[in-house]
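The sequence and the coordinates come first.

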Amino acid sequence: MKWNLRLTAANKGVWKASELQRSLAEHGLVISAGKMSGLWSGQPVSLKLEDLDVICVVLDCEIGDLLIPEPAKVVRPGQETARVAVGATAATPTVVPKRRDGRSLPPE
């Protein structure tokens, strides 16, 4: 799933995370600045369904506006086996460690 909060908010005229945070608080959903930053700029690790309800009410949107399915990312049974059987190898992406705030670690 792709998290689409920022674009959905922009389409509704909400351009700043702090603006959305205030509106959510007015509807009973108080979110810390750190969690709001994560919701605004990244993909949440977890989110309560009740919180999604409030976000949808505040932005006057549907859940499908916030969560966009990405079925191509799903590995189907036999899919990996078929690739190996024909000799194709999947390239393993290089993992680059980053700090929690998203900045790269200094080189060693």
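Among the contacts in the chain with a separation of 6 or more, 62% are between residues 24 or more positions apart. The model is a predicted one.

**Architecture and surface**

The chain contains six helices and two strands. Read from the N terminus, its elements follow the order β-α-α-α-α-α-β-α. Of the 108 residues in the chain, 21% are buried. The accessible surface of the chain amounts to about 8,300 Å², and carbon and sulfur atoms account for 57% of that area.

**Nonpolar core**

The largest nonpolar core consists of 19 residues, and L5, L59 and L66 have the most contacts inside it. Four helices each supply at least two residues of this core: α1 (5-11), α2 (17-26), α3 (33-41) and α4 (49-59). The largest share, five residues, comes from α4.

L5 shows how separate parts of the chain meet. Leaving out residues up to four places away in sequence, L5 touches L20, M36, L39, W40, I55, L59 and L66.

In α4, the buried residues are D51, L52, V54, I55, C56 and L59. These buried residues of α4 pack against β1, α1, α2, α3, α5 (63-66) and β2 (67-68). Just after α4, D60 has a positive phi of about 50°.

**N-terminal segment**

K2 is located in strand β1. K2 counts as partly exposed because its relative accessibility is 42%. Not counting residues up to four places away in sequence, K2 is in contact with Q43, L66, L67, I68 and E70.

N4 sits in the loop between β1 (2-3) and α1. With 12% relative accessibility, N4 falls below the 20% limit and therefore counts as buried. A polar atom of the N4 side chain lies 3.1 Å from the backbone oxygen of D65. Beyond its neighbours within four places in sequence, N4 contacts D65, L66 and I68.

**Cysteines**

How many disulfides does the structure hold? The count is zero. A disulfide is a covalent bond between the sulfur atoms of two cysteines. The sulfur of C56 has its closest cysteine sulfur in C61, at 4.0 Å, which is too far for a bond; the cut-off for a disulfide is 2.5 Å. Seen from C61, the closest cysteine sulfur is that of C56, again at 4.0 Å and too far for a bond. C56 is buried at 12% relative accessibility, and C61 is also buried, with a relative accessible area of 10%.

The table gathers the relative accessibility of the residues discussed above.

| Residue | Relative accessibility | Class |
|---|---|---|
| K2 | 42% | partly exposed |
| N4 | 12% | buried |
| C56 | 12% | buried |
| C61 | 10% | buried |

**Summary of the segment around L66**

Definitions and conventions:
Residues are numbered from 1 along each chain as its sequence is written. This is a predicted model: local features need pLDDT of at least 70, side-chain atom pairs count only at pLDDT 80 or more; totals for chains, interfaces and linings use all residues. Side-chain values use heavy atoms; hydrogens and water are left out. A nonpolar core is a set of buried Ala, Val, Leu, Ile, Met, Phe, Trp, Tyr and Cys residues joined through side-chain atoms within 4.5 Å. Buried means under 20% relative accessible area, exposed over 50%, partly exposed in between (1.4 Å probe, protein chains only). Contact means heavy atoms within 4.5 Å. Accessible areas come from the Shrake-Rupley method with a 1.4 Å probe; for residues, only the protein chains shown count as cover. A polar contact is a pair of N or O atoms within 3.5 Å; within protein, one must be able to donate a hydrogen and the other to accept it, and residues adjacent in sequence count only if both atoms are side-chain atoms.
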